[in-house]
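Hello,

I am passing a structure over to you, with some notes on what turned up in it. Please have a look at it first and then read on.

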Amino acid sequence: MWLLSVGHGSRQALVVAGPHANEPVGGATVLRLAERTLADPRLTEGADATWNLLLCLDPDGLRRNEGWLTGPYTLGRYFRNFFRPGFLEQPEWLPDGAAGAALPETRALLDVQDELRPFLQCSLHGVDVGGGFVELTDDLPGLAQRLTPIAERLGIPRELGAYDALYWPGLGPAVYRIPPPRRADLAAAITEAAVESTWFHPHRHGTVTAVVEAPMWGVAAVSDGSPPADRDAVLRSVSRALRHDTGLLRQVLARIRPHLAAVPDAARLLAPVDDYLLVCPGLADAWDPDTGDGAAHPLPALSTAHLAALRISGRRLALRTAGLLRQLVRGAGRDPAGALPELDRLIDEWCADYRDGCGARWIPVARQAEYQARVVLAAFELAGRHPRPGSGPAEPGVGVRGGGADAAGMTP
């Protein structure tokens, strides 16, 4: 893992790229930020700031996505080569608290956070299909107003009803407030980000964290804040599709599981499959107006954008699972269960729904990275206006730090 520091200021900004293995755009974004902070002294000396840019938090997971990273950038190629570890192996999460963090990548990030005590942390994420949005641990007044022209100039749809923030308070269009962490079971943690995380860990130092999401394939409907024509009909359709898709995938998994003993590292691919198949039935029930949790956990008021995001999210879970199952079958070197043609058919069918039914269109990497960079710079300026108690200086400097497994717990 490599950390590039630019500047000699006493106020630290930390930018974390690659927190999820399938979200690579942050690597391009931090390189842009490095160039701009080096070229513009107002961002360093003028702001008494040091920029600390972490190139990739999950390099091992990113390597498993190399099958699609070089293009061509099609939905089918992406999902057939998709990898993201199971929930318990994602380095941003702290399901057992900071003291119980076991992943070396997580321990390295925690150490950097506690050493730097940044006034701002930006975590750079990528939405595979949908729109751009920002999640904040504390309000940055004015960020939503900055976000709108940035997104419009770059042709990035703003996600006005993000699935990740379905139950979270809004701070403005496409800007959401992350609730404080609480103990929760695995299903709730995956779907609501309810557990402790490295987003909140530096909060004790006065840090505000901004999670900056940039889409790879944009969908215009996620920017439609109008009331839906028939909310319940759409919810029933989305829930029915998710139940149906989950049933198909469970059958495929049951057929291929007996043949996976010889697949190298099969457990690492099965972990996210099991996670997705665990949460899908509960999500389908929660979204279905006929079987939802009602007063115990009611859905918020839903716009057309919310419904578009839910449709995209349900299909995403199915596509990710199908792609991982396909990799398991191919890893076995043979297909005695005859699952490969079925998985290819499902992937093609569901990708066509994204492309033709949702209007998903590829956004060039340069625009994704420029969007993230501009949002980070806006958050930097706004956070700098309102110093928070507890944020303090660390040792300033300029340099590149990196290492292997023996260097501060970091993995190569």
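**A buried glutamate**

E92 is buried, with a relative accessible area of 2%; buried means under 20%, exposed over 50%, and partly exposed in between, with a 1.4 Å probe and protein chains only. Before going further, please note that this is a predicted model, where local features need pLDDT of at least 70, side-chain atom pairs count only at pLDDT 80 or more, and totals for chains, interfaces and linings use all residues. Residues are numbered from 1 along each chain as its sequence is written, and side-chain values use heavy atoms, with hydrogens and water left out.

Where does E92 sit? Its place is the loop between helix 4 (75-80) and helix 5 (104-116). Helices (H or I, at least four residues) and strands (E, at least two) are DSSP runs, numbered from the N terminus.

Beyond its neighbours within four places in sequence, E92 is in contact with P19, L57, S123, H125, S197, T198 and W199, contact meaning heavy atoms within 4.5 Å. Two of these partners also meet the E92 side chain through polar contacts: the side chain of S123 at 2.5 Å and the side chain of W199 at 2.9 Å. A polar contact is a pair of N or O atoms within 3.5 Å; within protein, one must be able to donate a hydrogen and the other to accept it, and residues adjacent in sequence count only if both atoms are side-chain atoms. H20 is 72 residues away from E92 along the chain, yet their C-alpha atoms are separated by 8.3 Å.

**Out in the loops**

A220 counts as exposed, at 61% relative accessibility. This residue belongs to the loop between strand 8 (208-218) and helix 8 (231-256). Its C-alpha atom is 7.9 Å from that of A360, 140 residues apart along the chain.

L55 is partly exposed, at 38% relative accessible area, and lies in the loop between strand 3 (49-54) and helix 2 (59-63).

**The whole chain**

The protein chain has twelve helices and ten strands. Of its 412 residues, 55% are buried. Among contacts between residues at least 6 apart in sequence, 83% join residues at least 24 apart. The chain exposes about 16400 Å², with carbon and sulfur atoms supplying 55% of that area; accessible areas come from the Shrake-Rupley method with a 1.4 Å probe, and for residues only the protein chains shown count as cover.

Best wishes
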